[in-house]
Amino acid sequence: MSLPDTTRIDRYPTRTAEPLPHVERTDRTVWGEIGTPALSNFDADGFAVVNRLLDPDEVTDFAIAIDRLTREPELRLDDRVIIEKSSNTVRSIFEVHKLSPMIADLVRESRVAGLARQILGSEVYLHQTRINYMPGMKGTGFYWHSDFETWHAEDGMPAPRAVSLSIALTDNYPYNGSLMVMPGSHRTFVPCQGETPADNYQNSLREQQIGVPSPADIADLAGKYGITQFTGPAGSALLFDSNIMHGSSNNITPYPRSNIFLVFNSVENTLVDPYAAASPRPTYIASRDFTPL
């Protein structure tokens with residue numbers, strides 16, 4: 001077991017015993033040249049909506065493929081499959097690009113990885129891939145959080161030079177647990193309190209309790225930045241900065257919501273030892289294969 005290196009400079013301290021003030025981000029948001037009009041406001045907002053990233057036929061093919069994964073009995077016993085805490089249904093499947101040849105091909109396409117290269121200004125590799133399922137009537141949401149806080153604390157990502165692409169495989173309505181984001185909040189890093197437990201990922205992937213902001217933090221950010229929702233038809237996508245504050249509510253409607261979730265990190269921002277955990281999370285959650293796509 002490796003211990004965090006206490007001699008290095010940590011510009012984004014978190015998981016502390018006492019509350020720390022918010023940290024204004026000094027790292028750039030956009031490192032490259034924007035060539036896609038849909039990304040023109042990414043620097044200011046920290047996210048961008050890409051309409052019709054997948055066409056209807058592709059949506060159907062991907063939806064069939066990911067539904068098939070949930071029906072494989074052997075896969076259900078795999079560590080990469082996360083089961084809902086309360087309903088015994090599949091919540092997420094990680095490292096999905098290694099389970100689905102279709103997704104393995106998709107991540108390398110210029111319409112996908114190319115978006116990340118424009119923002120990050122370098123070659124990119126896959127930090128994480130997964131399918132998120134939110135079935136109708138029983139899908140559990142994700143509490144407000146910054147992905148970078150976890151990736152920094154538990155994976156050892158030095159800086160917020162990473163982006164996530166959420167590709168909708170079902171229609172996203174305002175009422176079926178669609179993702180909420182706080183535009184502009186990517187410029188503020190929110191330190192969280194509480195020591196990281198050993199193997200925290202075994203619980204946090206089902207319900208995150210460590211590495212989440214306080215209600216006062218959320219109220220402060222919401223008052224400053226406001227809240228908007230990612231809604232739109234299947235095939236649309238949301239590209240967002242690793243540090244933007246986001247979350248989703250439970251889905252108590254009959255309409256399911258599922259998405260392909262891809263995380264691209266810059267090859268100039270590769271992982272080191274965790275900044276606030278005794279050991280890194282498994283590589284199916286946080287890859288340490290930094291091979292460019």
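The dialogue below treats these topics in turn.

Student: On what kind of model do the values rest?

Tutor: Residues are numbered from 1 along each chain as its sequence is written, and side-chain values use heavy atoms, with hydrogens and water left out. Local features need pLDDT of at least 70, side-chain atom pairs count only at pLDDT 80 or more, and totals for chains, interfaces and linings use all residues, since this is a predicted model.

Student: Is strand β5 enclosed or open, and why?

Tutor: Strands are DSSP runs of E with at least two residues, and helices are runs of H or I with at least four, numbered from the N terminus. In β5 (residues 124–134), 11 of the 11 residues are buried, so the strand is largely enclosed by the rest of the structure.

Student: How many bridges join β5 to strand β13?

Tutor: Two strands pair if DSSP finds at least two bridges between them. Strand β4 (residues 90–94) runs antiparallel to β5, with three bridges, and Ser 92 stands opposite Asn 132. β13 (residues 257–266) is also antiparallel to β5, with Tyr 125 opposite Asn 265; the number of bridges joining β5 to β13 is 10.

Student: Which strands stand at the edges of the open four-stranded sheet?

Tutor: The order in that sheet is β6-β12-β8-β10, with antiparallel pairing. Each edge strand has a single partner, so one side is left without a neighbour in the sheet; these strands are β6 (142–145) and β10 (228–229).

Student: What is the volume of the largest pocket?

Tutor: On a 1 Å grid over the protein atoms alone, a pocket is an open set of points where a 1.4 Å probe fits, with protein on both sides within 12 Å along at least five of seven lines; lining residues have an atom within 4 Å of a point. Of the 34 lining residues, Arg 91, Arg 130, Phe 142, His 145 and Gln 208 are the closest to the centre. With volume taken as the space filled by probe spheres set on the points, joined across faces, edges and corners, the value is about 560 Å³.

How values were computed. Buried means under 20% relative accessible area, exposed over 50%, partly exposed in between (1.4 Å probe, protein chains only).
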